[in-house]
Amino acid sequence: MSTVRGLARARLGDRVVLVLVEQGVEQGVEKGKARVLATESGHPAADVLREALHTGALEQAGGETVPVDDLELLAPVANPSKILCVGLNYLDHAEESGVEPPARPLLFAKFPNALRADGAVVEVPQDLSGELDYEGELGVVIGRRARNVALDEALDHVLGYVAANDLSARDAQFSDGQWLRGKSADGFCPVGPVVALAEDVEDPQALRIVTRLNDQVVQDGSTEKMIFSVAEIISYASRYLTLEPGDLILTGTPPGVGFARKPPLLVKDGDTVTVTVEGVGTVTNRVRVV
């Protein structure tokens, strides 16, 4: 369970619900308790977070209170209209990758099939397991529709933040000529454990990101080293793509990725990858090659 306040999508008995998890007493909710805000619909493409954002359920008071121990945490976003990612957004990562830093945010996409919850096992096809790599990142969840947003208003459209792992099959990524297969296979986007609310994150450009492969620290960076800030990414992307409530943006990874090491340090069958974003949360997943 998360150690920060945030919104969680969780299984509660036979329901999937959106809950507000509090750490401490606030708004009548005690530590160890969660307030149910909404129940996910039965639609095949349901996503209770998106549904709640569109219906205004997040602003409504009341709702049953349940023990957090009764909840099975799921990926906090299930079916966003888009998952945008930013490549090479840290100068040191661009340098270790042997490429020039981008002049503008380098956008690419993942699909919802890539999403996995904290604690889920990521099953990787055998033919994508040869050069599997980790990328610890800060994820941003959009709370309000954003279209052609000014830089100084961009953060007003953020609901909150998640820890994310942009798993990457480097052999497919580099051999295909584009990044889709190597970046968006099933399970290649673990996120969580909750959406830490933007109002509780004082500065998204001052967050430490630490990635561990098993017990080894392999990345230790800070969002202050981003080439393009969270606000700049949102403002830029919104010129071309309308960002909808519930959309997810992965903002890039700091240096230390496995393929750039000498010798390379890659993710193998049975390994565990843990990404911790300061003040946001930790997402941990074991890899199984199938």
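Reader: Which element gives the largest share of the lining of the second largest pocket?

Author: This is a predicted model, in which local features need pLDDT of at least 70 and side-chain atom pairs count only at pLDDT 80 or more, whereas totals for chains, interfaces and linings use all residues. Residues are numbered from 1 along each chain as its sequence is written, and side-chain values use heavy atoms, with hydrogens and water left out. A pocket is an open set of points on a 1 Å grid over the protein atoms alone, where a 1.4 Å probe fits, with protein on both sides within 12 Å along at least five of seven lines; lining residues have an atom within 4 Å of a point. The largest share of this lining, 3 residues, comes from α3.

Reader: How many residues of the lining of the second largest pocket are charged?

Author: The lining has 18 residues, and those nearest the centre of the pocket are Leu88, His93, Ser97, Gln173 and Trp179. Asp, Glu, Lys and Arg count as charged; Ala, Val, Leu, Ile, Met, Phe, Trp, Tyr, Cys and Pro as nonpolar; and the others, Gly among them, as polar. By class there are 7 nonpolar and 6 polar residues, and the number of charged residues is 5.

Reader: Which elements give two or more residues to the lining of the largest pocket?

Author: Among the 13 lining residues of the largest pocket, Leu58, Glu59, Leu159, Leu197 and Glu199 lie nearest its centre. Strands are DSSP runs (E, at least two residues), numbered from the N terminus, as are helices (H or I, at least four). The elements asked for are β3 (33–39) and β12 (158–165).

Reader: How many disulfides are there?

Author: A disulfide is a pair of cysteine sulfur atoms within 2.5 Å. By this rule the count is 0.

Reader: How far from cysteine 85 is the nearest cysteine sulfur?

Author: Cysteine 85 is buried (under 20% relative accessible area, with a 1.4 Å probe and protein chains only; exposed is over 50%, partly exposed in between). Cysteine 189 is also buried, with a relative accessible area of 0%. Cysteine 85 is in no disulfide, and the nearest sulfur, that of cysteine 189, lies at 6.2 Å.

Reader: With which side chain does the side chain of threonine 274 make a polar contact?

Author: Threonine 274 lies in strand β18 (residues 272–277). Threonine 274 counts as buried because its relative accessibility is 14%. A polar contact is a pair of N or O atoms within 3.5 Å; within protein, one must be able to donate a hydrogen and the other to accept it, and residues adjacent in sequence count only if both atoms are side-chain atoms. At 3.1 Å, the partner is the side chain of threonine 284.
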